[in-house]
Amino acid sequence: MSLSATTAPPSPAAPPPDTSSRRRRGYLFNRLDLKYSPYLYIAPFFLIFGTFGLYPMLRTAWMSLHDWDMIGDHTFIGLENYRELVTDEYFWNALINTFGIFALSTIPQLLMALFLANLLNQTLLRAKTFFRMAIFVPNVVSVAAVAIVFGMLFQRDFGLFNWLLSLVGVDQIDWRAQEWSSWTAIATMVNWRWTGYNTLILLAGMQAIPKDLYEAAAIDGASQWRQFWQITLPMLKPTFIFVVILSTIGGMQLFTEPLLFANGSIIGGNQREYQTLAMYMYEKGIYNLSTAGYGAAVAWAIFMIIVLVSLINFVLVRRAAK
Amino acid sequence: MSLTTRRSRMAAATLAAITAVGGLAACGNDDDTPAEGEKPAKLVVDTFGEMGYDELVKQYEKETGIKIELRKTAQLGEYRPKLVRYLATGKGAADVTALEEGILNEFKANPRNWADLTPLVSSEIADDYLPWKWELGKAPDGRLIGLPTDVGSLAVCYRKDLFEAAGLPTERDAVAALWPDWNGFHQTGQKYKQATGKAFVDSITAVSNGVLFQQGTDLFYDKENNIIADSSPAVKAAWETATSMVDISAKASTWSPEWSGGFKQGTFAATFCPSWMLGIVADNSGEANKGKWDVAAVPGGGGNWGGSWLAVPEQSKYPEEAAKLAEFLTNATSQVEAFKAKGPLPTNLEALKDEAFLSYTNEYFSNAPTGKIFGESVAKIEPVHLGPKHQAVKENAFEPAMRAFENGQASKDKAWEQFTKDAQTQGAF
């Protein structure tokens, strides 16, 4: 790509003998500057997006139309990979797992975040800054560290959770052996890491709600609870939906937590109890060298699912705005 | 517009242009092919785990004047994706690349990524190595892509103190005599369990690993690389032997937190140890358990778990010099040095007869003569043919199904069904 046309304006610094030509050159530079500089300023973003965003996406689409061996032959097979994907039992299994873990992590997480944000928003609360910072700390911890520590807490033989359960007389649970238990364990990691983050966003949304609404309601005799339901929640809707979209994108791409929970086994559980879509994509596209094309098709399927879910969110936003 | 803002705008524009052009230039290609017979200034060696090459590389540098860069990756799981990237993009690979048995097989499926070593190394060395190990270094099209480094012949690591508490013998020859075959191993385990109420072996997948490689026949693939997972007698034998031992298993699959924690807690009294595993057992058990472990022969004799080759990628600019370096690193003296440094077991026949190797004892494991034990075990390894996706079938179909049965998630028949079905997709190539 050549940028030289826009980067080499005549230098106005050279000592010119004739002031009128100097003025004309200055005028020319000004015109060029006005016309092209803006493009130049935004160019870095587009270059980076093109290299690391658009190109891989298009390349993945191209790969998905092939029987693609990572280190061998590539044969064009049209939409065969997608046809196979529709009937692939393990793809649907991964999809269900992903949505299951998503539901178990997003719903309690957002309710909890709403509750905490409301607490932090109370005028009578002391040491506000401390609590607001403290609640964000889990998000700063590396995801791998979180997954490894929680993986140990949820261990079958010497795990802390099983020990606590044994105190109240519950039998040892093999957390990795069933769907419900493994989903719960993984959702716990996600919740631990992201509740504080969502709390802060919701808190910001709450603080943007005009105080006079509450004052007017209080004068009319509305209780705290009533104020929360009738003022806070409706006014918070756009923020809430933003948070839901963020959680959706994160949830659909869930990878590190379940992978480390499975001790690095890409199939996620002996019977794929907690293999997520991103893990399935990795299994087909990267772990297994000869099915990279199929993995690319899974990647595009994930992309389309995210678009679909985001569209649903978008419709909800427009409804809410009305 | 004032002069100062115009200047700063121009500065910003220039900066943006420099960033953009600089970014593009960084992607440039320096494709300088060396002249014929030219001596390389530097060779790169890629290894994973601990292959014990640090001193050997320094020695080679001194002898030849060629600088060697040794790039070590701790885990095979990180090593493989990097290697795949080098091969897929055609650049970045080291001149000498270590290939583990699991990944060697899948790379063999595309042999043109690797230089044929046959014309590059001296023709006599073919007879220097264990014959089966040498043969496995050849691709299906006959080209030699790997020189043998080490082998993972099996032994049993056992806890003397726990054996004693259960009233079992503790001396390593007497222990080995308890299990001439797998049945004996099972019975010993049952005795142990009766006496202590605790599990004997770490997992049934560990048992299956041992049995699988003692069969000396085709495993998941036949010689034409057809998947025979559901009909292979060797696989069935490993399956039956391993699943029968569910009553003495601690259900702690290798590498899981239950497994690594189990060493300190004494959840199991015996596990299977290729020689590279000794260091891992010692690390997991900790200094407090030093001298409590010992090493005995494996039931049924022989068996193999892991082991590697050195290969030269086709993209190397100096295949001849790289092959010479690989030949040096795998010769008898180097293999003994590597064993003494980090424990990989030699495959060079001279090295296996070397006095320094045979007399080596391991302090952590009650001074067990590991050189002798593993050396004898090497001779009993039955060569087997591993197909292109052996590792994937084993890791993602065979062992998960077995664990599903072990954990009570599936009946034995259902688990076998799961395995044979998954083996088809995992094994396809």
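This talk goes through a predicted model with chains A and B, going from chain A to the contact between the chains and then to chain B.

Let me start with chain A as a whole. Chain A contains 13 helices and two strands. Its radius of gyration is 27 Å, whereas a compact globule of 322 residues would come out near 20 Å. Along the principal axes, the C-alpha atoms of chain A fill a box of roughly 95 × 75 × 40 Å. Of the 322 residues in chain A, 32% are buried. If you take the contacts in chain A with a separation of 6 or more, 66% of them are between residues 24 or more positions apart.

How is chain A divided into domains? The assignment gives domain 1, residues 4-63, and domain 2, residues 80-321. Taken over C-alpha atoms, the centres of these two domains of chain A are separated by 43 Å.

Now one helix pair in chain A. Two packed helices are described by the angle between their axes and the distance between the axes. Helix α4 of chain A, residues 89-120, packs with helix α12 of chain A, residues 277-287, at an angle of about 145 degrees. The axes of α4(A) and α12(A) are 8 Å apart. Which residues meet there? From α4(A) they are A:Tyr90, A:Phe91, A:Ala94, A:Leu95 and A:Thr98. From α12(A) they are A:Leu277, A:Met279 and A:Tyr280. Sorted by class, this contact has seven nonpolar residues, one polar residue and no charged ones.

Next, the contact between the two chains. Chain A puts in 31 residues and chain B puts in 35 residues. On the side of chain A that touches chain B, α2 (19-63) and α6 (143-153) of chain A each supply at least two residues. Which element gives the most to that side? That is α2(A), with seven residues. By class, the side of chain A that touches chain B has 15 nonpolar, eleven polar and five charged residues.

That brings us to chain B, again starting with domains. Domain 1 of chain B is made of 42-151 and 307-358, and domain 2 of chain B is made of 152-304 and 363-427. The C-alpha centres of these two domains of chain B lie 28 Å apart. Their contact takes 16 residues from domain 1 of chain B and 20 residues from domain 2 of chain B. On the domain 1 side, the elements giving two or more residues are α4 (101-108) and α16 (355-358) of chain B. The largest share of that side comes from α4(B), with six residues. The domain 1 side of this contact in chain B holds nine nonpolar, four polar and three charged residues.

Last, one strand in chain B. Strand β3 of chain B covers residues 96-100, and five of its five residues are buried. On one side of β3(B) sit B:Val96, B:Ala98 and B:Glu100, and on the other B:Thr97 and B:Leu99, so both faces are covered, given that a residue is buried if 20 or more other C-beta atoms lie within 10 Å of its own.

Which strands pair with β3(B)? Strand β1 of chain B, residues 42-48, pairs with β3(B) in the parallel sense over two bridges. There, B:Val45 has B:Val96 as its bridge partner. Strand β7 of chain B, residues 304-311, pairs with β3(B) in the antiparallel sense over four bridges. In that pairing, the bridge partner of B:Ala98 is B:Leu310.

Conventions. Residues numbered from 1 in each chain as written. Chains lettered and ligands numbered in written order. Predicted model: local features only at pLDDT ≥ 70, side-chain atom pairs only at ≥ 80, totals over all residues. Rg over C-alpha atoms; globule rule 2.2 N^0.38 Å. Buried ≥ 20, exposed ≤ 12 C-beta atoms within 10 Å, placed from the backbone. Contact = placed C-beta atoms within 7 Å. Domains from an automatic or database assignment. Nonpolar A, V, L, I, M, F, W, Y, C, P; charged D, E, K, R; others polar. Pairing = 2+ DSSP bridges. Axes fitted to C-alpha atoms, helices over the stretch in contact; angles between N-to-C directions.
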